[in-house]
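Let's take a walk through a protein together, one step at a time. Keep the picture in view as you read, and look for each part as it is named.

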Amino acid sequence: MDEIRKKMQKLEEKVRHHQYLYYVKNSPEISDMEFDQLFKELQKLEEANPGYSSPNSPTKVVGSDLDNRFEKFTHKIPVLSLENTYNIAELNEWIQKTGIEHKYSIEWKIDGASIVLYYEKGELTKGVTRGTGGVGDDVTENIRTIKNIPLKLKEPLTIYVRGEVYMGFQDFEKLNESFGGKFANPRNLAAGTIKYKNSIQVTKRPLKIFTYDGYIPEGKVSKNSDMLEIMKKNLLPVSEDICFAKGKDIPDVIADFQKKKDALDYPVDGLVIKLDDISLRTKLGTTSHSPRWARAFKFDAIMKETTIINIDFAVGRTGKITPRANVEPIQLAGTTVKYATLHNQDYINELGVGIGAKVKVAKRGEIIPAVEKVIEPGPSGVFQLPQDCPACKTKLVKVDDSVDLFCPNKKCPDREKNSLIFFCQKKQMDIEGLGEKQVALLYDKKFIRSVVDLYDLYKKKDELMELEGFGKKSVEIILKGIEDSKQKDFKVVLPSLGLSEVGHKVTEILIENGFDDIDKIIEQAKSENPMESLLEIHGLGPRTVDSLIKNFTDKDVLKTIEKLKKAGLKFKAQVVKKSDFKPFENQSWCVTGSFENFQPRDKALEIITHYGGKKVSSVSSKTTHLLAGEAGGSKIKKAKELGVQIVNEKEFLEMLKEYGITL
Ligand SMILES: [Zn+2]
């Protein structure tokens with residue numbers, strides 16, 4: 001019996017670990033389906049061995065997304081998760097039990113981050129994550145930046161609304177492109193963004209919400225469908241696709257939904273089926289984990305069978321080794337897949353996969369193909385990652401508690417090559433003529449070893465023209481591209497160096513906080529107590545600060561920066577010059593509500609300050625103008641009381657036109 005107890009404990013730990021990866025880190029390592037299987041296995045064992053079941057088992061509590069950086073908020077309603085099924089027979093069984101003549105709602109299960117909006121007398125007062133179901137993270141400031149969330153309702157209602165914050169596929173792809181494809185899928189990015197410490201960063205992410213459930217503490221609403229009408233009337237975004245049907249008709253409705261799934265521009269991972277009648281819901285009640293009156297019917301990830309021909313590795317610029325399976329080509333969700341990631345040795349061991357194995361590959365989050373399942377393990381046994389770097393033979397290491405292996409050699413040719421490729425990329429220095437192929441060739445032919453060498457390349461113009469595939473014209477384009485890159489602003493130069501944790505976001509935060517010059521950053525890193533003032537900056541966590549200090553006190557890094565400075569690269573952020581034309585001089589503007597032409601609305605304030613005006617964050621007797629967009633809140637009332645001039649979007653645009661200012 002002890003064996004079972006041990007097994008259950010292990011399983012519990014595993015479920016908790018994957019919940020943490022999913023809800024807190026927003027970077028799951030297994031598919032939802034695999035997770036649900038683990039979860040069910042644990043549930044089954046607990047049912048069969050109730051004496052061994054621990055009171056805090058993850059089956060008894062909602063998977064938590066709590067993050068200790070945020071204030072906690074105790075939910076005013078129980079925020080439960082849903083019981084999942086992948087199996088239509090299982091779903092039908094539930095419908096039979098619950099009542100085939102009852103009315104149900106059927107809607108998309110949006111794949112994003114679960115949020116509760118609290119409106120008091122029509123004003124949005126709180127936006128809170130699901131958290132443990134009882135207590136969530138207060139992310140109100142971030143929620144306020146989401147454009148389709150009304151800050152004020154049409155009626156002075158007190159209502160608690162559940163919704164899912166998500167990012168559309170098109171928006172995701174556009175954004176991900178500008179970040180060099182570093183985000184895995186829209187779901188993780190949406191859930192991660194909600195937890196940003198800096199709300200200004202959130203405004204830059206195109207998030208949206210669908211609301212699907214409401215609770216009015218002092219109202220009597222007898223049906224969910226009536227509640228949805230109230231929500232719609234109050235401008236809360238409710239999906240147009242929600243439909244209602246009798247229990248016995250649900251399988252047909254599901255078939256219709258499945259046909260429409262691929263045409264959606266937002267991620268869904270299934271359907272939610274709920275009883276419409278609230279008194280019936282109350283009668284059925286809930287378990288501690290989920291309501292008995294609702295089920296999630298989840299879609300399988302699209303999986304296809306193939307064979308692993310070979311396994312190779314990418315050595316990234318940070319030294320991270322990523323094993324990937326080269327598979328017999330298959331068609332998956334519209335693309336030909338030849339490679340599927342195997343993540344790391346732990347993942348390989350868990351699958352028990354090797355060369356020659358018959359496997360199932362899925363497009364996880366519909367973006368990165370991964371090996372998900374083994375059908376036949378193959379003749380050569382479980383694959384073992386090498387102990388030495390495949391590029392430079394240095395012994396591989398594990399860093400901190402990471403499951404990944406790294407090549408620690410900074411001079412590793414693959415690391416150097418990938419750093420160079422990274423530097424020249426479109427999202428970074430954007431050097432024309434230097435794509436991945438050209439950089440690799442120049443590296444292999446020993447023309448360049450590091451980014452510094454790029455700026456001496458003009459000295460080897462004649463030799464370059466001798467290279468195969470490098471005519472006079474292409475060499476000229478490359479050299480001009482390198483020369484032009486000297487005009488790139490500091491905010492691009494710094495992240496292009498590829499220093500750990502110093503990406504575009506961190507660079508922006510540094511500049512916004514006065515570190516607009518590399519010398520200021522280096523000086524800070526070298527100062528007596530460098531942690532202190534850096535940690536005060538919104539958006540920089542201890543890990544980032546630690547990395548910043550390490551990077552900017554590293555001799556090699558400093559040498560590179562010095563050389564690039566000499567080559568003419570910009571290590572000081574450009575100060576935006578204010579206009580000499582000052583139509584807004586002596587005016588002080590405040591802004592409220594949302595705008596069609598200014599998103600985020602700070603863009604409007606930028607124009608005002610550029611042309612001589614001042615911006616203020618609240619309306620006072622010193623404020624001269626309030627720029628009021630759609631659904632502006634209490635500021636309008638205050639402005640009226642104080643006699644502040646209120647300007648709407650149309651009037652503002654006319655004002656700009658009159659001044660000859662174009663957007
Ligand atoms: Zn190496």
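What you see is a predicted model, in which local features need pLDDT of at least 70 and side-chain atom pairs count only at pLDDT 80 or more, while totals for chains, interfaces and linings use all residues. Residues are numbered from 1 along each chain as its sequence is written, and side-chain values use heavy atoms, with hydrogens and water left out.

The protein has 25 helices and 22 strands. Both are DSSP runs numbered from the N terminus: helices are H or I with at least four residues, and strands are E with at least two. The radius of gyration is 28 Å, close to the 26 Å that the globule rule gives for 663 residues, so the protein is as compact as a globular protein of that length. This radius is taken over C-alpha atoms, and the globule rule is 2.2 Å times the number of residues to the power 0.38. Along its principal axes, the C-alpha trace spans about 85 × 80 × 50 Å.

Which residue in S7 is the bridge partner of Ser 114? The partner is Glu 164.

Contact here means heavy atoms within 4.5 Å.

Next come helices that pack on each other. Two packed helices are described by the angle between their axes and the distance between the axes. For H12 (residues 413-424) and H13 (residues 436-444), the angle is about 140° and the axes are 9 Å apart. That makes H12 oblique to H13. (Angles under 35 degrees count as roughly parallel, over 145 as roughly antiparallel, 65 to 115 as roughly perpendicular and the rest as oblique.) Among the residues in this contact are Leu 420 of H12 and Val 439 of H13. By class, the contact has seven nonpolar, no polar and four charged residues. Here Ala, Val, Leu, Ile, Met, Phe, Trp, Tyr, Cys and Pro count as nonpolar, Asp, Glu, Lys and Arg as charged, and the others, Gly among them, as polar.

Helices H19 (residues 518-526) and H22 (residues 555-567) pack at about 160°, with axes 12 Å apart. They are therefore roughly antiparallel to each other. Ile 518, Asp 519, Ile 522 and Lys 526 in H19 meet Leu 558, Ile 561 and Lys 565 in H22.

We finish at an open sheet of four strands, in the order S20-S19-S21-S22, with parallel pairing. Its edge strands are S20 (614-615) and S22 (645-648). S19 (residues 588-592) and S20 pair over two bridges, and Ser 588 stands opposite Lys 614 in S20.

How values were computed: Two strands pair if DSSP finds at least two bridges between them. Axes are lines fitted to C-alpha atoms, for helices over the stretch in contact, and angles run from 0 to 180 degrees between N-to-C directions.
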